[in-house]
Amino acid sequence: MDETITAKILELLDQHRLMSVATNRPDGWPQATTMGYVNDGLTIFFLCSLQSQKAANLGRDNRVSLTIDHDTSDPMAITGLSIAAHAGPVTDVAEIAKAITMLGQRYPEYATFPMPKSEEMRVFRVVPMVISVLDYSKGFGHADLVTIR
């Protein structure tokens, strides 16, 4: 992958804290949810309740679509990411601890919130397959498409 586009993807991931995650419901309809995330390079992590529809959807179909962007009053200033990926639960204890630590660092204001019990939540790892890097400053609707591996 081109170093310039990789740097732009990482910059956009690091600039934002919220993403929309679309999973596939059993009735075929997509379900989109806004949630927080952290990233370690191009790998994205999020925390999810085991009782959520999102967790049930991911248990059946690990394909997800993500968007990461921000609001702007100038349409030609739109930048962001649209990502097709696979999401799965993290089972390695060290990787779970690392993701939880990263989440705590990125969201220090949540330190006073009660942490869910480990049996009530799951850390998910998102591995991108295709990334569209949106940059309307290069022209209306401009996107650079990057295929990972």
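Trainee: Which side chain makes a polar contact with the side chain of Asp 61 at 3.2 Å?
Mentor: That is the side chain of Asn 24, where a polar contact is a pair of N or O atoms within 3.5 Å, one able to donate a hydrogen and the other to accept it within protein, and residues adjacent in sequence count only if both atoms are side-chain atoms. Keep in mind that this is a predicted model, in which local features need pLDDT of at least 70 and side-chain atom pairs count only at pLDDT 80 or more, while totals for chains, interfaces and linings use all residues. Residues are numbered from 1 along each chain as its sequence is written, and side-chain values use heavy atoms, with hydrogens and water left out.

Trainee: What does Arg 63 do with Asp 61?
Mentor: The side chains of Arg 63 and Asp 61 are joined by a polar contact of 2.7 Å.

Trainee: And is Asp 61 buried or exposed?
Mentor: Asp 61, which sits in the loop between α2 and β5, counts as buried because its relative accessibility is 17%; buried means under 20% relative accessible area, exposed over 50% and partly exposed in between, with a 1.4 Å probe and protein chains only.

Trainee: Switching to α2, which of its residues are buried?
Mentor: They are Lys 54, Ala 55, Asn 57 and Leu 58, with helices taken as DSSP runs of H or I of at least four residues and strands as runs of E of at least two, numbered from the N terminus. Seen down the axis of α2, these residues fall within an arc of 160°, so they line one face of the helix; the arc is that of the directions from the helix axis to the C-beta atoms.

Trainee: What do they pack against?
Mentor: The buried residues of α2 pack against β1, β2 (30-36), β4, β5, β6 and β7, contact meaning heavy atoms within 4.5 Å. In strand β2 lies Gln 31, whose side chain is joined to that of Asn 57 by a polar contact of 3.1 Å.

Trainee: How do β1 and β2 pair?
Mentor: They pair in the antiparallel sense over 7 bridges, and two strands count as paired if DSSP finds at least two bridges between them. Leu 18 stands opposite Gly 36 in β2, and in the hairpin, with 5 residues between the strands, Gly 28 takes a positive phi near 95°.
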